Amino acid sequence: MPTALESVATKRVEARKKLDGLPSKERREEAKRLGMLTDEEVDAILHAKENSWYLDPASRQAMGLRVDTNQVSSNDPIEDYLAWSPLGSEDIAAAAAGKTSGVPRYMFSVFDGHAGYMCAEQLSQRLAPMLNDSLDIVAQLADKKKPNVVATGKELVSTVKQLESESGIEWDQIPLALTATFVRMDHELVHGSLAEFRRLQDMATMDKLLGPAVSGSCGLVAVVDTEANQVVVGNTGDSRALLGVRLKDGRWKAVRLSEDQTAKNQNELTRMSREHPGESSVISKGRVLGGLMPTRAFGDCRYKWPLEAQQDLFPILYSRGHRYATTPPNYVTPPYVTAKPVIVKHQLNENDKFIVIASDGLYDQLSDDEVVDTVAQWYEANNEGKRGTNPESTLMTEDKNAATHLIRTALSTDRLGRRSDSVIRRLLAIPPPHSRRFRDDVSVTVVTLNRD
């Protein structure tokens, strides 16, 4: 007897046979006529990657946290990555693997890849250790100490100092560390890898070194300081962080902790025009040079490398399957895309109950208010995210995981805002790559703030 997930795989293989080769319009109509998944199959998909854990307070003054995560893919392989880490631990990888509690600061992040998964994958593995080092460097510089460059690397120290010098202002420590980490990480992915490939001159290393540079990724990182009651968000791209606030009258309010960085953002349009004066095509069809939706991103070397490097390497990369190794039109004054984040700092108070961090696949389906209202429903039905249950509560949700509850609601909502089980049963039946015409990868982390 096949499992529910095996049954889904079989149905998707048969569905793809029907869809492959059809013209675009006919394929879209045929996809709508595919048979729906069963409720059991939908549940199997929704529960396959969910995870929940608690992080106990580091001190009597600190908050405890509950973390709920989940992902549902549309791309194959998925191009989104979620990552989290305690900060301040000497071995953060081991600490994260053990769901370690007892430190005051934690990092929660989402990396939404595009043009492949390789850039987002690298960020999910490498950014947290670099942020840990950046925080250490910034703290040492604030104490007028010479940073231990043997442990952290002189390049990262140089980036921190350069940011301080260029800004002419006194930075807070976490925003400075986040900004330095984003800038340095992108430099390593885009320019460091190019220099290393040219040094080695070994074609066997090309895909591994340059693949993450050709692909790209948005990146959103939230640092939660449980003792200082503070959250600092660094955002590059169009993933989004929301704060769920319960008002005194019991209603809920959604507060953005980030801004989408696309051509719809007037601040970004102004910045792009200032950095590329006289180039009317810098934003074309709502995209950077007519191609890229986010105006800030990691990787995406086609918007950053010098033209001569592209002319030298793109034909080879393209022949090896990197289909985005092409030079955009009107490529005059690179770089056109930056990974430097926009920082939002928020002092948490007792009305702030949870933080939602998600890729744009969630917000394609739900508004900010709908996201917070959906998590609030889970919060009130599940003992406010605390251990145990509330025997007085008569509320219930189908899912015990907040991220799962949110994704189920999002994928059950049609374009007119109507919700039905038939919507998710039909959506999840459409196989990749055809599913991308109907939904994106969805990756969600919900961090519940517990003060009791």
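Predicted model: local features only at pLDDT ≥ 70, side-chain atom pairs only at ≥ 80, totals over all residues.
1. A quick term before we start: a residue counts as buried under 20% relative accessible area, as exposed over 50%, and as partly exposed in between.

2. K345 has a partner: its salt bridge with D172 brings the closest N and O atoms to 2.1 Å apart. D172 sits in the loop between α7 (154-167) and α8 (173-200), while K345 belongs to strand β12 (residues 342-347), so the pair ties together parts that are 173 residues apart in sequence. D172 is partly exposed as well, at 39% relative accessible area.

3. Over the whole model, the salt bridges come to 30. Another of them pairs R240 with D260, where the closest N and O atoms are 2.5 Å apart. Here R240 is in strand β7 (residues 240-246) and D260 in the loop between β8 (252-256) and α10 (266-275), 20 residues apart. Both R240 and D260 are buried. Through shared partners, salt bridges join R240, R256, E259, D260 and D368 into one network.

4. D249 and R251 make a salt bridge too, with 2.7 Å between the closest N and O atoms. R251 is exposed, at a relative accessible area of 52%.

Technical notes:
Residues numbered from 1 in each chain as written. Heavy atoms only, no water. Salt bridge = Lys/Arg side-chain N within 4 Å of Asp/Glu carboxyl O. Helix = DSSP H or I, 4+ residues; strand = E, 2+ residues; numbered from the N terminus. Buried < 20%, exposed > 50% of the residue type's maximum accessible area, 1.4 Å probe, protein only.
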